[in-house]
Amino acid sequence: MASNNKRHYLLESLVLFAILSCALSVWIPLRPAAAKHLVFADSPGTEIESTESKNVATTFKWNVAEKNAPLLGLSQDRLQPGFDQSLSYHATQFDFAIFKPLTFDEERGAFLLPAIAQNHVAFIELSPAATAQSYSSTTGIELLDRDSMKIVKTADGTKYLFVRYPDNEFRCASIKEPTGVTLNLLYTANGLSLHGVVDSTGRSVTFNYGKQGIESLTQTWMSNLEGFTRTWSIVDATPDNGMKYAHAVRVGKFLPSNALIHDYTAEMEESDKLLAQIFGGPNAVVGANGFEPAGLAASYPLYRGDVMGDDGKVRRGHLSYAMHIYGSADGRGDSPLYVPAGFTSHSSEPSPTDAAVIFYYPRLGNLTDVTLAIFHVADFQLTAEGERVRIGNLGGPGGSSPLYRHSHIEFYRGNVGLPAAAARAALRIDPTTVFSQ
């Protein structure tokens, strides 16, 4: 029954998206020539049910040119759950998925730009170009790499500015068209959730979050010198699909349909608890099986493990062969950081950018010849405490914001120090295989 409910919910979401794509010019699918550079998508190729059989309550478009209308055009009073995952900003060459971050594929050495195409999220591959620190797609979309800032430029001159946020994800901060129209994308205090959008004239769209994600949308605008404020609610249609997630919270709509892991099992829960006992304090919480703690669900994806691309290739997520450790399930708590005793060499101090410290173990847990890397270490100092060594506290540079504090842990094969970012994927060891009960 749980599987049937999941398929039914996915089907309804795809139907809604298909109607929006056909109904409005802002949702026109990519032209065939542009679609050739889309390498994979968040949703597998699922057949879409006839839109005539569905009563869809929401349609929307961007009223960029209609200055007296709200910025985001909504024809109905209520929005469907998950509408944010299909919300895009129309450009000449692609429709930009504004809720998705710009990512870097370490194995390909290419940036992946999120776009909406053929009723689901796909990615445009930007490969290294002739000029240093520049990348481009086969259709001429360009990316300039400025370290903590990435600038994407399309053929018509529209520029997308991506900024690095506390979790090291690059999210779009502004969109500037050649006509001078500018959209500024505003994020919550922890930098993990899109809070709203404001255009050049002061019109705003605000996304109001609750425990299950976005619960309503509020817009402000001016018309004939009169100010307006209006709120659209989200239809409460979260399915009770019986799926088990990190820390026994059910929020099915946050699991990508192309996830390779579909259930947070009791074995995964025990594995995460064991790792929390090894590396953290008494209240520490770990995500090492592809799932983040459930307390982050309102502002962060629960599933960050492997996904299957439309090209048949497995794509690693942020927590594929890596783990996060938090001081509490909501990500706001403090915790000391520990490592097992037995290392024969270690860093003298954290690295200057992301506060990483390195430990080499001839034997660690079930394995031999292992390098342990812990990123975002605060108050670094080694203090032996029985079979563990305290190394400081979590939430060092790059891992802390007012509402989000964590450290990131990876294991590498061999005595390799801190490998270059491009080399890490090939060296990583699944944290769940290093230790067992």
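Me: Before we count anything, what is a salt bridge here, and how many does a search of the whole structure find?
Reply: A salt bridge is a side-chain nitrogen of Lys or Arg within 4 Å of a carboxyl oxygen of Asp or Glu. Keep in mind that this is a predicted model. Searching the whole structure with that rule, the number of salt bridges found is six.

Me: Happy to start with Asp147: how many residues apart in sequence are the parts that its pair with Arg164 ties together?
Reply: The closest N and O atoms of Asp147 and Arg164 are 3.5 Å apart, and the cut-off is 4 Å. Asp147 sits in the loop between β11 and β12, while Arg164 belongs to strand β13, so the parts they tie together are separated in sequence by 17 residues.

Me: Is Asp147 buried or exposed?
Reply: Exposed means over 50% relative accessible area. Asp147 has a relative accessibility of 54%, so Asp147 counts as exposed.

Me: Which strand holds Arg405, the partner of Asp334?
Reply: The side chains of Asp334 and Arg405 meet in a salt bridge at 3.1 Å, N to O. Asp334 lies in the loop between β23 and β24, and the pair ties together parts 71 residues apart in sequence because Arg405 is in strand β32.

Me: Strand β32 also carries Glu410; are Glu410 and its partner Arg428 buried or exposed?
Reply: Glu410 and Arg428 form a salt bridge of 3.0 Å, N to O. Arg428 lies in strand β33, so this pair ties together parts 18 residues apart in sequence. As for cover, Glu410 and Arg428 are both buried.

Me: Let's move on to the rings. How is the pair of Phe96 and Phe162 arranged?
Reply: A search of the whole structure finds 15 aromatic pairs. In the pair of Phe96 and Phe162, the ring centres are 5.7 Å apart and the planes stand at 90°, so the arrangement is edge-to-face.

Terms used. Residues are numbered from 1 along each chain as its sequence is written. This is a predicted model: local features need pLDDT of at least 70, side-chain atom pairs count only at pLDDT 80 or more; totals for chains, interfaces and linings use all residues. Side-chain values use heavy atoms; hydrogens and water are left out. Helices (H or I, at least four residues) and strands (E, at least two) are DSSP runs, numbered from the N terminus. Buried means under 20% relative accessible area, exposed over 50%, partly exposed in between (1.4 Å probe, protein chains only). Rings of Phe, Tyr and Trp (its six-membered ring) pair if their centres lie within 6.5 Å; planes under 30 degrees apart count as stacked, over 60 as edge-to-face and the rest as tilted.
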